[in-house]
Amino acid sequence: MSKKALISWGGWEGHEPKENAALFEPLLKTCGYNVEVTDSLDTYKDAEKMKSFDLVIPIWTMSDMTSEQEKGLLNAIYSGVGIAGWHGGMGDSMRNKPHFQWMVGGQFVAHPGGIIDYIVNIVKQEDPIVAGLNDFTIHSEQYYLHVDPGNEVLATTVITGEYGDIPWVKGTIMPVVWKRMYGKGKVFYSSIGHVTSDFNIPEVRELTRRGLLWATR
């Protein structure tokens, strides 16, 4: 029986939500999923429909949702529906919804220097999401996040402190990729993916693909 995925996209256009959805819809179909794509959050309010999905992928930077939409999404995840996302689409989303952020396991607060070169370090090679992948360099936004200490961190980066007048963060080891549980639901997050072309990097595309598969119920 095929798995069912919901991709919902919208919000700030600078993160190319429509293009992100168009990239991952065929990728999931190639993996055998039935995929529904929507540019509305109202699907979250339909409890029965939400329970029919095995995976939800939200792509909603700097957006907000109603309390009813948030409750519907969180209840679905808590009951066992998986959720997976990246960058601002899930990590800088629903800024006024702390329960959503708690589910995600982190929230964006800064990207010192804007678009820079930085190294992503794979720190848990035994985990299937990143197994066999090497450390890699990327030219993109390096997210500084407030993160849940309960996350199972799979990749990190070092904040150098050289961009802006922020010497107090020099040497900070910042989680980049993590997984966690929210009730019975599996949660995957990667801070990489500022623009769709970031996924042209083989390691980024593969760890994201694996993260989607892992999070699926």
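This report describes the sheet of a predicted model and then turns to one arginine in one of its strands.

The strands form an open sheet of 9 members, arranged in the order 2-1-3-4-11-10-9-6-7 and with mixed pairing. Strand 2 (34-38) and strand 7 (136-141) are the edge strands, each of them pairing on one side only. On average, and with direction ignored, neighbouring strands of this sheet are turned by 25° against each other. In general, the strands of a sheet pair through backbone hydrogen bonds, in either a parallel or an antiparallel manner. Strand 1 (residues 4-11) and strand 2 run parallel and are joined by 5 bridges, and among the residues involved, Lys4 has Asn34 in strand 2 as its bridge partner.

Helix 6 (residues 202-215) lies across several strands, with its direction at about 170° to strand 11. The strands that helix 6 lies across are listed below with their residue ranges where these accompany the helix.

| Strand | Residues |
|---|---|
| Strand 3 | residues 55-61 |
| Strand 4 | residues 82-86 |
| Strand 7 | residues 136-141 |
| Strand 10 | residues 172-182 |
| Strand 11 | residues 185-190 |

The side chain of Arg180 reaches the backbone oxygen of Met103 at 3.1 Å. When neighbours within four places in sequence are left aside, the residues in contact with Arg180 include Trp102, Met103, Val104 and Gly105, together with Asp148, Gly150 and Asn151, and also Gly185, Lys186, Val187 and Trp214.

Definitions and conventions
Residues numbered from 1 in each chain as written. Predicted model: local features only at pLDDT ≥ 70, side-chain atom pairs only at ≥ 80, totals over all residues. Heavy atoms only, no water. Pairing = 2+ DSSP bridges. Helix = DSSP H or I, 4+ residues; strand = E, 2+ residues; numbered from the N terminus. Axes fitted to C-alpha atoms, helices over the stretch in contact; angles between N-to-C directions. Contact = heavy atoms within 4.5 Å. Polar contact = N/O pair within 3.5 Å; in protein donor to acceptor, adjacent residues only side chain to side chain.
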